[in-house]
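Hello,

Here is the structure I promised to hand over. Please have a look at it before reading on.

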Amino acid sequence: MKNLITVFVPFSDNKTNQSNLKNFSNQQTIKQLYFITDEKNQYQNNNSILIDSFFSISSLKKMLNNIDSEYLLIIRKEGVVNFEEQALYKFLENAKQSVAGIVYSNYYKYENDQLIKNPVIEYQFGSVRDDFNFGPVMFFNKKYFEAKLNSINKNYNWNGLYALRLAVSKEKQIVRIPQYLYSFEKKDNRTNEEKHFSYLENKNIKKQKEAESVFTEFLKSIGAFLQPKFEDVKYSDFTFEASVIIPVKNRANTIKDAVYSALNQKFDKEFNVIVVDNHSEDGTSEILNEISKNNNKLIHYIPTRTDLNIGGCWNLAVDNKMCGKFSVQLDSDDLYIDENTLQKIINKFYKEKCGVVIGSYQLTDFNLNEIPPGIISHKEWTKKNGHNNALRVNGFGAPRAFYTPLLRENQFPNVSYGEDYAGCLTISRKYKVARIYEPVYLCRRWEGNSDAELSVNKKNKYDFYKDQLRTEEIKKRIELNKNINE
C-alpha cells in the first residue's frame, strides 16, 4: 500500500514546515506532499500551491489538479501533525469502504509538552454546523472528492470545504474512527468563550453570510428549506400578561439579584415571577421564601419530582395556572439590563405577531464588568432566512420569550442544555421569531456558572445532543414540505 495519498498542509513557519516534512516523509503510503498558501512570498515551485483563500472552491480545484493518487488528506489548520504507527493504513481501510465519503478520527493535542486526548463526535444527518469539529485532519477518496467538487456551481471564497462536505454527506457516510491516530500541535490562546462566539466577529461577517448561502442551498437540495411563510399568532386572554420564569438549583449567591431584577420591572399590565426551585440545598430556598413573604408577585415553586432538569422545570412553570400569556426567560445567574426589558419584549410580540422574541445580551464577569466578546446580538439573523439558518448555528441567543400556549403544545425536552434551542427550532417551523438587537440582558460568567469553560467531553456531549435535535428537526421539515407539495 504505497504512494496512495496526496497530502495538503497549510504553509507555516520554518520549524513547523520542517517538522511536517519529516513526519510525512516517513510514511510509505504518501505519494506527494504540498504546502498550500495564500501568500505569494511563501510560494515555492517544487512543493507549494498558491491559492486565493482557505478553502475556496477554486483553491480546492487547484489542489485537485495536483492529485495523482487515489486518496487525499487535507490538514485544515496550521500546525504540526504527527501520525501514530499504522494510522494512515486505518484511514485507508475506512476510506475504501464504498459508503465512506470522508474519514476523520480522534486525536491528541500537544500542549505544554503533554499529549492530551481530544475525542471528536460521530457525524449525524444533522451535523450541519459549519464549525463541526472533525479535528485538523480530513481524509477523502479522490473519486468522491472530485465528483462532489465539480457538482458545486458557485465559487465560494471561504466555505468551499463546507459546501463539499455537505455535498458528500447527501450520498456517502462521513466516518469517524474512534481511535487517537495522530497528534496536533498548535498554540491558540483564545478561551472557549472567544472561540464559541468568533463567528459573530465583524471580520467574519462576509464568511458567515457565505456559509449561510452554502447551507441554504443544501437545505433546498434535500427538501428541508422552509419558505418565510409564517402563521400570525392570535393571542388569547390570560389573567397575567407575562411571567418571568427562573429555574434554579443552588444559586444562593446570585438568585436574589436575579429575582429582584425581574420584580423591579416597570410593566403596564399584570405580571409575575415564577421561580422553580429544583430542591436547592445551599440556602437558595430560604432566600426565596424570605422574598416571597413581602412580594406577592413572586411564586416560589418546589416540584414534587426530583428528576427534573432545566427543561422539565420550564415545563412545570409554563403549565402552572398562574403562568402568564408570555413566558420570559431569566437564568438564575443573570440580570435584565434595566427595568424596561420586560416591556420591550412584550411590545415586540404585539408588533410582530410572533411566537418567540429573542433579545441581545452583554457578557460580564460576576461583578458586571464587560468581558470579551462583549455584546452578543446575533445580527446574522434575517427575517426571511433566520429560521433556516438557525439549524447551522449553535443557538438562538438570549433572553428568550415565548407565547405560552405554543410552549404548552411543544414542551421542552427534560435536559439542562439545548432545551431552549429545541423549543425555538420547533416553533420557528411555523411561527415568526422576532429579534431585539440592542442588549436587554446581562449574562454573567463566573467559576460556578454552568457556561463557564467547558471540558472537551462536556462540549462534545452538548454538541452531539444539538446535532440530534437538528437531525430530527430537518427530518420534520422535509416531511412538512412533502405534505405541502402533495
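Below are notes on salt bridges and on a cavity. Keep in mind that this is a predicted model.

Salt bridges

The count comes to 25 salt bridges.

Arg-129 pairs with Asp-467, with 3.4 Å between the closest N and O atoms. This pair links distant parts of the chain, 338 residues apart. Arg-129 sits in the loop between strand 7 (114-118) and strand 8 (137-141), and Asp-467 in helix 15 (residues 456-485). Both Arg-129 and Asp-467 are buried.

Lys-430 forms a salt bridge with Glu-231; the closest N and O atoms are 3.8 Å apart. Lys-430 is in the loop between helix 14 (419-428) and strand 18 (433-444), and Glu-231 in the loop between helix 7 (205-222) and strand 10 (242-248), so the pair ties together parts 199 residues apart in sequence. Lys-430 is partly exposed, at 38% relative accessibility. Glu-231 is partly exposed too, at 39%.

Lys-293 and Glu-290 meet at 3.6 Å, N to O. Both lie in helix 9 (residues 284-294), three residues apart, about one turn of the helix. Lys-293 is exposed at 63% relative accessibility. Glu-290 is partly exposed at 45%.

Salt bridges with shared partners also join Arg-129, Asp-131, Asp-467 and Arg-470 into one network.

Cavity

A search of the whole structure finds one cavity of 30 Å³ or more. The largest cavity holds about 40 Å³ of space. Its lining is Phe-230, Trp-381, Lys-383, His-387, Ser-428, Tyr-431, Lys-432 and Val-433. These divide into four nonpolar, two polar and two charged residues.

Best regards

How values were computed: Residues numbered from 1 in each chain as written. Predicted model: local features only at pLDDT ≥ 70, side-chain atom pairs only at ≥ 80, totals over all residues. Heavy atoms only, no water. 1 Å grid on protein atoms, 1.4 Å probe; cavity = no way out; pocket = protein on both sides within 12 Å on 5 of 7 lines; lining within 4 Å. Points joined across faces, edges and corners; volume = space filled by probe spheres on them. Nonpolar A, V, L, I, M, F, W, Y, C, P; charged D, E, K, R; others polar. Salt bridge = Lys/Arg side-chain N within 4 Å of Asp/Glu carboxyl O. Helix = DSSP H or I, 4+ residues; strand = E, 2+ residues; numbered from the N terminus. Buried < 20%, exposed > 50% of the residue type's maximum accessible area, 1.4 Å probe, protein only.
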